[in-house]
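Please look through the structure shown here.

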Amino acid sequence: ILPMGRFNDVARFLYKSIDPKDAIAKIIGGDYKKIDSGMAADQPFFNAIGIGFLPELADSLKATRTPRFGFGWSQIGSKAAAAVKIDKLVAKIDAFRFEISPVMMNIHLLPYAVGLPFATAALGDDGQAEVIFDQGGQIGEFSNITRTIQKGKFLYGADVRMYRGKTINLQPIKDRVMYLDGELITLPTTVLSIKIGDKQVKVFC
């Protein structure tokens with residue numbers, strides 16, 4: 001993994017740095033670890049998926065520099081949350097099925113997305129994803145949520161929850177935009193099926 005993109009989320013996890021020199025030194029060293037992989041809408045992914053807040057946040061960051069401080073993240077997080085169209089989702093995480101109307105629905109294999117440590121509890125090689133979602137309707141709270149996530153201090157609980165699972169299904173999802181490892185994809189199907197694979201990927205670290 002070479003940190004040559006916009007957010008460099010996988011490099012942040014592997015190297016604790018986004019300096020290409022640090023990455024090259026690690027690669028030359030020859031040590032490696034295995035990380036999980038998954039499939040979503042027939043697309044492989046290795047880091048994070050998002051519906052609602054995360055695609056809006058990524059889209060908002062296209063036209064501006066990535067904020068350096070919590071105040072900047074607070075502003076852009078508030079703007080992204082306000083742009084989310086809140087719809088009801090039926091979600092199934094392994095055998096657990098429920099209905100929600102979330103502003104944010106994230107599925108993480110690794111901690112970072114758009115440069116923020118959403119899933120600090122993520123284990124990159126345990127064969128499960130961290131599923132993060134809010135209970136819905138609290139758009140105004142995302143200013144504070146984004147700022148505390150940026151600082152690595154957000155605690156998941158009653159309002160924004162985190163579960164682990166190997167298979168995740170979301171519906172109805174057709175025509176919604178999905179963030180997948182930094183790409184924004186309009187979903188063509190009603191059901192989004194996500195499965196964390198049995199195969200892992202070797203990466204130099």
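**The sheet and its helix**

Helix α3 (residues 53-61) lies across β3 (48-52), β6, β12 (177-180) and β13, and runs at about 95° to β3. Contact means heavy atoms within 4.5 Å. Helices (H or I, at least four residues) and strands (E, at least two) are DSSP runs, numbered from the N terminus. Axes are lines fitted to C-alpha atoms, for helices over the stretch in contact, and angles run from 0 to 180 degrees between N-to-C directions.

This is a predicted model, in which local features need pLDDT of at least 70 and side-chain atom pairs count only at pLDDT 80 or more, while totals for chains, interfaces and linings use all residues. Residues are numbered from 1 along each chain as its sequence is written, and side-chain values use heavy atoms, with hydrogens and water left out.

The open sheet has six strands, in the order β10-β9-β6-β3-β12-β13, with antiparallel pairing. Two strands pair if DSSP finds at least two bridges between them. Because β10 (160-165) and β13 (183-186) stand at the edges with a single partner strand each, one side of each has no neighbour in the sheet. From one strand to the next, the twist averages 20°.

Strand β6 (residues 104-108) is joined to β9 (residues 129-134) by four bridges and to β3 by five. M105 is bridged to F133 in β9.
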